[in-house]
Amino acid sequence: MSERKINIWLNAGVIDADTAQRIREYESERARPLGLWALIGLGALAIGLGIVSLVAANWDDIPGMVRLAIHALLIICLCAAVYLLQPRKGYLGLYLKDILLFVLAVLGLTFFGHLGQVYQTSSPLWQPLLIWLLLFSPLLLLTGRGWLISLLWMAGLLGTAVQFLDWYFQQTDAPRAVYVAVITSLPVLALIFSIFMRKTSGRQAFWKQIGQFSLTTFVAGVGFKLIVEPIGPILSDPGRFMSDIAVIQMLLWSGAALLIYVYNRTASGISIAAILTAAAIISFAGSVAQPSSPLVNATIFMAFWAAVGWSAIYSGWRNVFQAVVAIIALRLIVLSFQLAHDLFSSGIGLILAGVVTITIAVIAYRVSTTLAPDKASPVEHDHQEEGL
């Protein structure tokens, strides 16, 4: 904590001189030598870049089997380092191990590309990604502890899904709605998995991050789906196909919501179930109706985000609620331009657009500050987020 912040609190009367001194002593005892670690990191980066430069300059002169052997040896050494750090606590046991895990996973992913380069093989990108996901998921999920690993695993899962769908739509016998519905529901499955594991694992913070990334990905995906038009050129009957996907998704998401509600009847569990249920109903309605009116599209979009906002209020997710208010406000601004785009081409229209934008921004700010859940204390926050 900076000395400037302490002085501001002291001058404002929030804390007294004795409390300020205790804060300074507490922070000084736990201060990390950031300058030292920055220099160490800079030196390590220089060494790594030097090694990469040497290898790149002599890449063609190094036999393929030698390169693969060195690559595999690096992976083995990192596995040994992670194993040795496993029982340790503190900085080495938590932060450094996660960094080594991250590097190990990246080396494992690039190994498949290296293997294909040496043996001159080719395959759809989703296949090596899937193999990497199957091989490294146990290692990452059983030993990871921080957001770096949880984010990497979620990125690997989503990357595999996106590449598979991209390849699948190019096949002559595509599409089958059930495949697309299941693949696009992977964040929901990851969310359920994280909730179950958090109840049984000692690494609750890690599984909470998996759940947060999964829920964020799911909400963002549904919101994006409610904005864009169906991808019709690659489908013979896009309307029917999207409706079939929406039906299967509604069944999957509703079942997941019921499962989460039964298993986890905390505020967070109820909120997550509500979000999944709202997404299932609204996404199905939007896919079946396929509205072309900007007003109807915006209404469906804002209805979903209103459900997310209610869930945020119910569970005390202040930052989520404020983000939802900002998203709805932006959608209202876009809607105002869509409804009166001809009027906005004139000077009066531009003035009116500015007034509308400022009005919506002011209202959104008032709503986000007055209706947002209060910032809970650490004990209350942990209690509220127990189910997530």
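Biologist: Which residues is Ala280 in contact with, leaving aside its neighbours within four places in sequence?

Modeller: Contact here means heavy atoms within 4.5 Å. In this predicted model, Ala280 is in contact with Met250, Trp253 and Ser254 once its neighbours within four places in sequence are left aside. Ala280 itself is found in helix H12, which covers residues 267–289.

Biologist: Is Ala280 buried or exposed?

Modeller: The idea is to look at relative accessible area, where under 20% means buried and over 50% means exposed. Ala280 has a relative accessible area of 1%, so this residue is buried.

Biologist: How many of the contacts in the chain with a separation of 6 or more come from residues 24 or more positions apart?

Modeller: Residues 24 or more positions apart account for 71% of those contacts.

Biologist: What does the secondary structure of the chain come to?

Modeller: There are 16 helices and zero strands. Of the 388 residues of the chain, 36% count as buried. The accessible surface is about 22,300 Å², and 69% of that belongs to carbon and sulfur atoms.

Biologist: Which residues of helix H8 are buried?

Modeller: In H8, residues 177–184, the buried ones are Ala177, Val180, Ala181 and Ile183. Now look down the helix axis: these buried residues fall within an arc of 165°, so they line one face of the helix.

Biologist: Let's turn to rings. How many aromatic pairs does the structure hold?

Modeller: It holds 13 aromatic pairs. To read one, check the distance between ring centres and the angle between planes; an angle over 60 degrees counts as edge-to-face. Phe193 and Trp207 are edge-to-face because their planes stand at 90°, with the ring centres 5.3 Å apart. Phe193 lies in helix H9 (residues 186–200) and Trp207 in helix H10 (residues 204–225), so the pair ties together parts that are 14 residues apart in sequence.

Biologist: Are Phe193 and Trp207 buried or exposed?

Modeller: Phe193 counts as partly exposed at 36% relative accessibility, whereas Trp207 counts as buried at 1%. Compare that with Phe301 and Trp305, an aromatic pair that is tilted, 6.2 Å centre to centre and with 55° between the planes. Both of these residues lie in helix H13 (residues 294–315), four residues apart, about one turn of the helix. Phe301 is buried, with a relative accessible area of 5%, and Trp305 counts as buried at 9% relative accessibility.

Biologist: Which residues do ring pairs link into a cluster?

Modeller: The cluster is made of Trp126, Phe164, Trp167, Tyr168 and Tyr179.

Biologist: And where is Ile300 found?

Modeller: Ile300 is found in helix H13. This residue is buried, with a relative accessible area of 18%. The C-alpha atoms of Ile300 and Ile227 are separated by 9.4 Å, and the two residues are 73 apart along the chain.

Biologist: Which residues form a nonpolar patch on the surface?

Modeller: Residues in such a patch have over 30% relative accessible area. Here Leu39, Leu42, Leu45 and Leu49 form one, with about 430 Å² of accessible area together. Take Leu45, which is found in helix H3, residues 34–57: at 49% relative accessibility, Leu45 counts as partly exposed.

How values were computed:
Residues numbered from 1 in each chain as written. Predicted model: local features only at pLDDT ≥ 70, side-chain atom pairs only at ≥ 80, totals over all residues. Heavy atoms only, no water. Patch = residues over 30% accessible without salt bridge, like charges linked within 9 Å, V, L, I, M, F, W, Y side chains within 5 Å. Areas by Shrake-Rupley, 256 points an atom, 1.4 Å probe, with all protein chains shown as cover. Salt bridge = Lys/Arg side-chain N within 4 Å of Asp/Glu carboxyl O. Helix = DSSP H or I, 4+ residues; strand = E, 2+ residues; numbered from the N terminus. Buried < 20%, exposed > 50% of the residue type's maximum accessible area, 1.4 Å probe, protein only. Arc of directions from axis to C-beta. Phe/Tyr/Trp six-rings, centres within 6.5 Å; stacked < 30°, edge-to-face > 60°.
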